[in-house]
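Hi,

Here is the structure I promised to pass on. Have a look at it first, and my notes follow below.

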Amino acid sequence: MDSALSDPHNGSADTGAAANGTTRPPSTPEGIALAYGSLLLMALLPIFFGALRSVRCARGKNASDMPETITSRDAARFPIIASCTLLGLYLFFKIFSQEYINLLLSMYFFVLGILALSHTISPFMNKFFPASFPNQQYQLLFTQGSGENKEEIINYEFDTKDLVCLALSSIVGVWYLLRKHWIANNLFGLAFSLNGVELLHLNNVSTGCILLGGLFIYDVFWVFGTNVMVTVAKSFEAPIKLVFPQDLLEKGLEADNFAMLGLGDVVIPGIFIALLLRFDISLKKNTHTYFYTSFAAYIFGLGLTIFIMHIFKHAQPALLYLVPACIGFPVLVALAKGEVTEMFSYEESNPKDAAAVTESKEATEVSASKGLEKKEK
């Protein structure tokens, strides 16, 4: 997981100029401010809208939109898995040709990006379709076994409108695949982030603290302790980071001196902020105190990251500043309001398990009613 905020002008990102024996002109203060401000805005959008969509997702009954619940056990293992993945990528880039690895990764993220972007724009695009639009329903169903032992592997429902969104997303995918343009990269990155915040649900606040605490250590170690994360971020040509050029004002859309923000710095705090929004709603007080507090904490933490990075001219592990802010601010508010017990006792059930229980009950009721009909006959 790429989770560092870096400033390529200070030697932590694109190295094309150095390889060509040229030196980049220093970025203007206006260009730097525009880049950092744009990164901050791009980070906030998927968190805000992803959190809102996570509420609808938790209430939804569509199997294709069921969220994935993260338990405390998953949270404890996640930093270890992320470290192994990061180190594996680093070794791959050291041993094998970077060109071929990025070709395989580009194809992989090409497919994932199209699906993620299609799912992201679908609710917005539905508003533009006329009522007379011929919308047909489809279902992609893969099962294993037969009879009573039949088990669903994939059950995805979609319609003609979704296919239109998929076609539009494919255009962005081809653009990214052919040009690797930073705008196409950001469209995919924003889609990944929003989908992550929407579909990844923490089951309680304690799990969120475990996840953020573990990744806090992960981020600090791999950025300050080694050059692994920054090296992978430079070598990895995939939309796993948000980028914005610091020389946009001088070169326009062909600018190439990028500041970057890893998607991990958006999604990980984002799913915690989304959990606090759902906690706010569970209190039934018609206020979103904890959501807005954690959202403001994120802005403060990321702003502090940018400030420290600019002062010390070195890539920063953003979670070093985001984790204390996103956990500390809401907990202080809970202490002030006397709601710490309610916060840490709030628990979300796995929607997939609930759906399975509901289906089981319905099947039992159907079989029971059939048995009664036979007896009456």
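**What I found**

The chain has 14 helices and 8 strands; helices (H or I, at least four residues) and strands (E, at least two) are DSSP runs, numbered from the N terminus. Bear in mind that this is a predicted model, where local features need pLDDT of at least 70, side-chain atom pairs count only at pLDDT 80 or more, and totals for chains, interfaces and linings use all residues. Residues are numbered from 1 along each chain as its sequence is written, and side-chain values use heavy atoms, with hydrogens and water left out.

Buried is under 20% relative accessible area, exposed is over 50%, and partly exposed is in between (1.4 Å probe, protein chains only). Among the contacts in the chain with a separation of 6 or more, 77% come from residues 24 or more positions apart, with contact meaning heavy atoms within 4.5 Å.

Now the helix pair I liked. Two packed helices are described by the angle between their axes and the distance between the axes. Helix 5 (residues 160-179) packs on helix 6 (residues 182-199) at about 130°, and their axes are 9 Å apart. The axes are lines fitted to C-alpha atoms, for helices over the stretch in contact, and angles run from 0 to 180 degrees between N-to-C directions. Helix 5 and helix 6 are therefore oblique to each other (under 35 degrees is roughly parallel, over 145 roughly antiparallel, 65 to 115 roughly perpendicular, and the rest oblique). From helix 5, Val-172, Gly-173, Trp-175 and Tyr-176 make the contact, and helix 6 brings Ile-183, Ala-184, Asn-185, Leu-187 and Phe-188. By type, the residues of this contact are 7 nonpolar, 2 polar and no charged.

Helix 8 (residues 228-235) is largely enclosed by the rest of the structure, because 7 of its 8 residues are buried. Those in helix 8 are Val-228, Met-229, Val-230, Thr-231, Val-232, Ala-233 and Ser-235.

How many disulfides does a search of the whole structure find? It finds 0, taking a disulfide as a pair of cysteine sulfur atoms within 2.5 Å. Cys-57 is buried at 7% relative accessible area, and Cys-165 is buried too, at 0%.

Last one: Ala-76 sits in helix 3 (residues 72-95) and is partly exposed, with a relative accessible area of 44%. Ala-76 and Leu-215 are 139 residues apart in sequence, yet 9.4 Å apart in space, C-alpha to C-alpha.

Cheers

Methods:
Ala, Val, Leu, Ile, Met, Phe, Trp, Tyr, Cys and Pro count as nonpolar, Asp, Glu, Lys and Arg as charged, and the others, Gly among them, as polar.
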